[in-house]
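Please read the points alongside the coordinates.

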Amino acid sequence: MNEIRHARLHRATSETDITLALSLDGQGRSDVDSGIGFFDHMLTALAKHGGFDLELKAKGDLHIDGHHTVEDVGIVFGQAFRQAIGDKRGIERFGHALVPLDEALCEAVVDISGRPYLAWNVVFPREKIGTMDTELFEEFFRAFAMSAHIALHLTCKSGTNAHHIAESGFKAVARALKVAVSHDPRSAGAIPSTKGVL
């Protein structure tokens, strides 16, 4: 399996203008600027621990709040992921990761199924981390899962520090995605489904 799995997308609306490039078979390098510092920190961690190369430039209506920017980045990231993964031949399809960060522990389970779904079981002890509303993490992952056409379950099993919970969650998703997109050497390039299509 030597194909290059990457995508470059641009999406502009009256609320946001986003350019994103994604390589699934990268080295974890990133150049990210969403205008929201903590969100950039999380996306950088996602790229690093997923082994993805990610370039992102987002301009949004942050004078209102971060909602449109975060959600639309999730949409574009999901669209790029779906485009880069292609027909899904030879991939593992499923991924699972448990990632601790001090007292926080998050579990992510992924199925690159073609059926979008988000199961969200994460509670934050405060409403903001830096300037970012913690409720926007769910919006990001929902937008990503729906646009990528994947099933994603994210559960926080323990944690009291909001920063640690968020970072543990992003790293868990990254590691689960890394497994799911990896090539299964025994598959002989087959679609990983009894239906023959995903």
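1. The lining of the largest cavity divides into 10 nonpolar residues, one polar and no charged. Here Ala, Val, Leu, Ile, Met, Phe, Trp, Tyr, Cys and Pro count as nonpolar, Asp, Glu, Lys and Arg as charged, and the others, Gly among them, as polar. The lining residues are C106, W120, V122, F124, F137, F141, L154, I165, A166, G169 and F170. A cavity is a set of points on a 1 Å grid over the protein atoms alone where a 1.4 Å probe fits but cannot get out, and lining residues have an atom within 4 Å of a point.

2. The model is a predicted one, in which local features need pLDDT of at least 70 and side-chain atom pairs count only at pLDDT 80 or more, while totals for chains, interfaces and linings use all residues. Residues are numbered from 1 along each chain as its sequence is written, and side-chain values use heavy atoms, with hydrogens and water left out.

3. The structure holds one cavity of 30 Å³ or more. The volume of the largest cavity is about 40 Å³, a volume being the space filled by probe spheres set on the grid points, which are joined across faces, edges and corners. α4 supplies the largest share of its lining, four residues. Helices are DSSP runs (H or I, at least four residues), numbered from the N terminus.

4. Helix α3 (residues 136–148) and helix α4 (residues 162–181) pack at about 15°, with their axes 12 Å apart. Axes are lines fitted to C-alpha atoms over the stretch in contact, and angles run from 0 to 180 degrees between N-to-C directions. α3 and α4 are therefore roughly parallel to each other (angles under 35 degrees). In the contact (heavy atoms within 4.5 Å), F137, F140, F141 and F144 of α3 meet A166, F170, V173 and L177 of α4. These residues comprise eight nonpolar, no polar and no charged.

5. Helix α1 (residues 37–50) packs against α4 at an angle of about 30°, with the axes 8 Å apart. The crossing of α1 and α4 is right-handed (the near helix is turned clockwise from the far one by less than a right angle). Among the residues in contact are F38, H41 and M42 of α1 and H163, A166 and E167 of α4. By class, this contact has eight nonpolar, four polar and four charged residues.

6. The axes of helix α2 (residues 67–85) and α3 come within 7 Å and cross at roughly 30°. α2 and α3 are therefore roughly parallel to each other, and α2 passes α3 in a right-handed crossing. The contact includes V70, V73 and F77 of α2 and L136, F140 and F144 of α3. It has 10 nonpolar, five polar and three charged residues.

Conventions. Helix = DSSP H or I, 4+ residues; strand = E, 2+ residues; numbered from the N terminus. Parallel < 35°, antiparallel > 145°, perpendicular 65-115°, else oblique. 1 Å grid on protein atoms, 1.4 Å probe; cavity = no way out; pocket = protein on both sides within 12 Å on 5 of 7 lines; lining within 4 Å.
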